[in-house]
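Let's walk through a protein model together, one feature at a time. Ask whatever comes to mind as you look.

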Amino acid sequence: MAADIDLGPAAEAFREEVREWLGKNRLGGLEHVDARYLARAVADPALDEWTRRLSEGGYMCVGWPKEYGGRGLGAIEVAVMNEEFAGAGVPRVTRGMGEWLVGPSIIVHGTEEQKARFLPRIISGEDRYCQGFSEPDAGSDLAGLKTRGVVDGDEIVISGQKVWTSGAQVANMMFVLCRTDPEAPKHRGISYVLLPMYRDDGSSNGIELRPIRQITGSAHFTESFLTDARAPAANVIGGLNQGWKVTMTTLGNERGGHTTTQHVEYRKQWDEALELVRSLGRSGDPHVRQLMAWAYSNVEIMRFAGLRLLAEMASHKEPGPAASINKMFWSEYVRDFTERLINVLGPHAMIRPDSGNGSDYALGGWQSSFLETRSGTIWGGTAQIQRNIVGERVLGLPKEPKPESRK
């Protein structure tokens with residue numbers, strides 16, 4: 001049994017408020033909606049109605065300051081809310097990357113005019129963002145990007161190629177990094193631009209999307225080819241050639257933003273795994289018991305690591321190198337856990353469920369989880385890069401030698 005943590009009377013009062021609201025407004029039938037992919041989900045009347053209730057109840061972009069349309073909830077309150085939504089079996093619908101990556105970066109680095117223009121459109125869902133960071137030759141080495149941005153009057157003209165563009169099929173905006181000063185040092189001369197994906201007449205803004213079919217059979221990512229795509233110069237966040245500092249804020253939120261409550265998701269996964277091994281008659285197997293004990297311990301470590309980060313966030317600290325530690329931990333844990341559980345399934349893991357359509361590439365839940373988690377140690381910064389960050393910024397070790405300097 002997990003030890004209860006007292007978060008204080010204010011947090012518990014807010015917990016009761018959330019529970020009361022959920023008791024009056026909760027919708028059934030959404031227990032199996034994957035909150036990670038809500039931005040890519042097909043139209044669903046029940047989900048649309050749930051999103052409407054959340055918006056009217058003030059449960060969208062809740063961590064943003066009140067002056068920018070949020071509720072000004074602190075990190076502890078957001079964690080409590082996430083826990084209660086998970087316990088009620090309803091998705092915590094968000095505005096995706098707009099809410100937890102772009103918005104916070106605009107709040108920190110944007111002008112007042114930019115905040116007034118862009119933030120309300122994120123909250124309303126009018127603007128849906130995808131991420132234009134990684135490139136074929138600049139993934140982990142993001143500062144090595146080659147996409148160019150050229151100032152043309154009051155616009156920036158962007159050309160280049162991006163890859164692993166998450167959610168591009170349903171987005172109408174892309175937050176993109178481009179090199180606007182090719183003569184500047186590597187981490188300088190980069191601009192952070194909010195790029196419309198379509199023109200006013202609905203035609204493409206010089207952007208071609210090519211879906212990338214994943215090992216699961218789905219296509220959550222695309223290759224994006226930008227040819228003279230245009231954005232107003234007023235869409236540059238943080239100033240021309242000053243995009244790297246904005247990028248660090250974005251990446252800090254990407255790697256550390258869900259750490260405070262991600263244990264909830266993995267505890268639910270653990271509970272489902274326990275039911276599975278019992279149904280297979282394997283709960284008495286010492287190897288399986290050892291696996292479940294190891295997994296439970298790791299989920300508890302995540303929970304306490306989240307509480308530690310929660311304390312830092314409550315002190316208004318931006319996510320720092322500790323976010324890299326957490327990113328390494330959860331991504332390697334869930335990869336290893338799903339792989340070991342697939343081994344427990346044995347030959348059953350080789351059989352796909354019958355979808356009723358022989359042409360469908362249907363997968364069972366554990367099969368999908370096993371395949372999906374292969375990429376967790378790559379996206380958001382590879383495990384190797386995270387180790388370099390921890391070694392250099394946390395432990396104070398010397399920088400890793402460049403390949404040409406190694407003997």
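**Reading the cores and helices**

Q: Which residues touch the most other members of the largest nonpolar core?
A: Of its 49 residues, W50, F85, Y129, F175, Y192 and L194 do. A nonpolar core here is a set of buried Ala, Val, Leu, Ile, Met, Phe, Trp, Tyr and Cys residues joined through side-chain atoms within 4.5 Å. Buried means under 20% relative accessible area, exposed over 50%, and partly exposed in between (1.4 Å probe, protein chains only). In soluble globular proteins, nonpolar side chains tend to be buried together.

Q: Which elements give two or more residues to this core?
A: They are α1, α2, α3, α4, α5 (112–124), β4 (173–179), β5 (190–196) and α6 (243–256). Helices (H or I, at least four residues) and strands (E, at least two) are DSSP runs, numbered from the N terminus. There is also a second, separate core of 22 residues, with L276, V277, L291 and L345 among them.

Q: Before we go on, what kind of model is this?
A: A predicted one: local features need pLDDT of at least 70 and side-chain atom pairs count only at pLDDT 80 or more, while totals for chains, interfaces and linings use all residues. Residues are numbered from 1 along each chain as its sequence is written, and side-chain values use heavy atoms, with hydrogens and water left out.

Q: What is L194 in contact with, leaving aside neighbours within four places in sequence?
A: Contact means heavy atoms within 4.5 Å. By that rule L194 meets V102, I106, F118, Y129, M173, M174, F175, A231, N235 and I237.

Q: How do I check the length of a helix, say α2?
A: The expected span is 1.5 Å times one less than the number of residues. For the 13 residues of α2 (residues 45–57) that gives 18 Å, and the end C-alpha atoms are 18 Å apart, so the two agree.

Q: Where do the buried residues of α2 sit around its axis?
A: An α-helix has 3.6 residues a turn, so residues three or four places apart point the same way. In α2, the buried ones are L47, W50, T51 and L54. Seen down the axis, they fall within an arc of 100 degrees (taken from the directions from the helix axis to the C-beta atoms), so they line one face of α2. They pack against α1 (9–25) and α3 (75–88), while P45 and E56 are exposed on the other side. Just after α2, G58 takes a positive phi of about 80 degrees.

Q: Where does α4 kink?
A: A bend is the angle between axes fitted to the seven residues ending at a residue and the seven starting there. In α4 a kink of about 40 degrees lies at V102, shortly before the proline P104. Helix α4 (residues 96–109) reaches 19 Å from its first C-alpha to its last, close to the 20 Å expected. Eleven of its 14 residues are buried, including E99, V102 and P104.
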